[in-house]
Amino acid sequence: METVQQIPPGIASVSDYRAIAQTRMSEQAWAYIDGGVADELTLQANVAAFQHLRLRSRVLRDLSGGHTRRQLFGVTHDFPILLAPVAYQKLAHPAGELATVMAASALQAGMIVSTQASTSLEAIAAAASNPLWFQLYIQPDRAFTEALVRRAEAAGYRALVLTVDAPVNGVRNREQRAGFVLPEGVQAVNLQGMRTPVIKPAPDNGALLLGGSLLAAAPTWADIRWLRSITTLPLLLKGVTEVDDANEALAQGVDGLIVSNHGGRTLDGMAASLDSLEPIADALQGRMPLLFDGGIRRGSDILKALALGADAVLIGRPYLYGLAAAGAAGVAHVIQLLRAELEVAMALTGCRDLAAIDKRVLAR
């Protein structure tokens with residue numbers, strides 16, 4: 001892996017960073033960062049959905065006093081772009097999450113730290129001056145899960161983001177073909193010391209997975225109620241794509257939702273995340289913050305997601321491309337590129353602030 005700290009020449013977009021990032025990473029690491037599950041249909045759909053949605057230009061609007069500020073859980077963000085939780089960031093750059101949080105702190109961008117980070121949650125928090133949320137997987141060892149929550153609270157994280165759409169991992173063919181394994185020195189350090197659950201090789205009913213001990217330990221709505229009972233931090237669910245699940249989350253006392261199909265990394269053949277956003281936003285009617293994740297590559301994509309009901313968006317692969325290409329400088333540049341593109345798109349659709357963005361900017 002080549003370590004670079006300067007923005008490469010000729011960079012004008014996220015796609016430019018993607019091309020350079022691939023040259024800076026091993027084939028195995030690239031398969032993990034860039035790949036999806038199975039035939040990657042959902043991964044491709046996430047990006048394509050934005051290309052099929054058009055914008056309406058508006059002219060001669062008063063744009064004085066414009067801004068992109070958004071308040072989430074009592075914190076005012078200068079722009080509605082948060083860094084999504086991504087595991088094992090040392091695959092992209094030796095500094096990993098510490099380079100990412102350096103960039104996010106410089107721009108005061110919200111960042112969600114992964115349970116499977118390759119740097120401890122405490123070390124990331126110590127290096128941060130920006131708002132941090134902690135992404136949680138409920139582990140089979142519930143006592144260890146609670147200990148993770150307590151560590152996040154003690155380190156100053158301001159919200160918990162529970163990923164709910166990955167009780168098992170889908171088969172990622174690109175990783176298999178590349179022979180992906182975690183290299184020496186890269187591991188989920190926050191999970192060190194957790195008891196390894198005993199998993200039977202096959203369920204007793206003859207099935208390969210259903211009915212077995214692995215899924216028996218998977219979280220349910222009862223675990224949401226338990227998690228809600230043990231912390232006062234705002235609790236968001238990441239991975240909700242259906243209206244019924246969104247309504248149930250509201251009934252269970254969840255504080256926010258992230259519409260996401262896990263970046264096309266769990267179940268292939270799902271609809272694009274963008275296609276799931278509008279029905280959920282219409283059902284919730286602003287009763288809780290609604291964030292969006294999946295397929296954003298341009299600032300105009302952010303505008304489209306906000307128009308369909310998102311309060312803010314998450315980016316994942318784009319900032320990983322910047323991290324691989326240019327370290328902290330690359331992450332910061334990706335955020336600034338998307339932020340600038342969003343402001344241009346707002347100006348050209350006649351939106352002086354985020355409150356002015358609604359479905360009327362879309363040509364459908």
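Analyst: Helices (H or I, at least four residues) and strands (E, at least two) are DSSP runs, numbered from the N terminus. The model is predicted, so local features need pLDDT of at least 70 and side-chain atom pairs pLDDT 80 or more, while totals for chains, interfaces and linings use all residues. Residues are numbered from 1 along each chain as its sequence is written, and side-chain values use heavy atoms, without hydrogens and water.

User: Where is Arg-172 found, and is Arg-172 buried or exposed?
Analyst: Arg-172 is found in the loop between β7 (160-163) and α7 (173-178). UniProt, in an unreviewed entry, lists Arg-172 among the positions of its feature "binding site" (annotations may be inferred rather than shown by experiment). The relative accessible area of Arg-172 is 12%, so this residue is buried (under 20%; exposed is over 50%, with a 1.4 Å probe and protein chains only).

User: Which residues does Arg-172 touch, not counting residues up to four places away in sequence?
Analyst: Contact means heavy atoms within 4.5 Å. By that criterion, and leaving out residues up to four places away in sequence, Arg-172 touches Tyr-32, Gly-36, Val-37, Ala-38 and Arg-265.

User: The side chain of Arg-265 reaches which backbone oxygen, and at what distance?
Analyst: Arg-265 lies in the loop between β9 (256-259) and α11 (273-284) and is buried, at 11% relative accessible area. Its contacts beyond four places in sequence include Tyr-32, Ile-33, Gly-35, Arg-172, Glu-175 and Arg-317. In the case of Tyr-32, the Arg-265 side chain reaches the backbone oxygen at 2.7 Å.

User: At which residue does UniProt place the feature "active site"?
Analyst: The residue sits in the loop between β9 and α11 and counts as buried at 13% relative accessibility. Leaving out residues up to four places away in sequence, it touches Tyr-137, Thr-163, Asp-165 and Ala-166. The unreviewed UniProt entry places "active site" at His-262.

User: What is the relative accessible area of His-77?
Analyst: His-77 is found in strand β3 (residues 75-77). Among the residues it touches are Thr-68, Arg-69, Arg-70, Leu-72, Gly-110 and Pro-131. His-77 is buried, and its relative accessible area is 3%.

User: Are α1 and α13 roughly parallel or antiparallel to each other?
Analyst: Helix α1 (residues 14-24) and helix α13 (residues 317-348) have axes 10 Å apart, at an angle of about 170° (axes are fitted to C-alpha atoms over the stretch in contact; angles run from 0 to 180 degrees between N-to-C directions). Tyr-17, Ile-20 and Ala-21 are among the α1 residues that meet α13, where Tyr-321, Val-334 and Leu-337 are among the partners. An angle over 145 degrees counts as roughly antiparallel and one under 35 as roughly parallel. The pair α1 and α13 is therefore roughly antiparallel.

User: How many residues of the contact of α4 with α13 are nonpolar, polar and charged?
Analyst: The axes of helix α4 (residues 97-107) and α13 come within 8 Å and cross at roughly 10°, which makes α4 roughly parallel to α13. Ala-99, Thr-100, Met-102, Ala-103 and Leu-107 form the α4 side, and Leu-323, Ala-328 and Ile-335 are among the α13 residues they meet. Ala, Val, Leu, Ile, Met, Phe, Trp, Tyr, Cys and Pro count as nonpolar, Asp, Glu, Lys and Arg as charged, and the others, Gly among them, as polar. The contact divides into 10 nonpolar, 3 polar and no charged.

User: Which elements do the buried residues of α9 pack against?
Analyst: In helix α9 (residues 221-230), the buried residues are Asp-223, Ile-224, Leu-227, Arg-228 and Ile-230. They pack against β6 (132-136), α6 (142-155), β7 and β8 (235-240).

How values were computed. Angles under 35 degrees count as roughly parallel, over 145 as roughly antiparallel, 65 to 115 as roughly perpendicular and the rest as oblique. A polar contact is a pair of N or O atoms within 3.5 Å; within protein, one must be able to donate a hydrogen and the other to accept it, and residues adjacent in sequence count only if both atoms are side-chain atoms.
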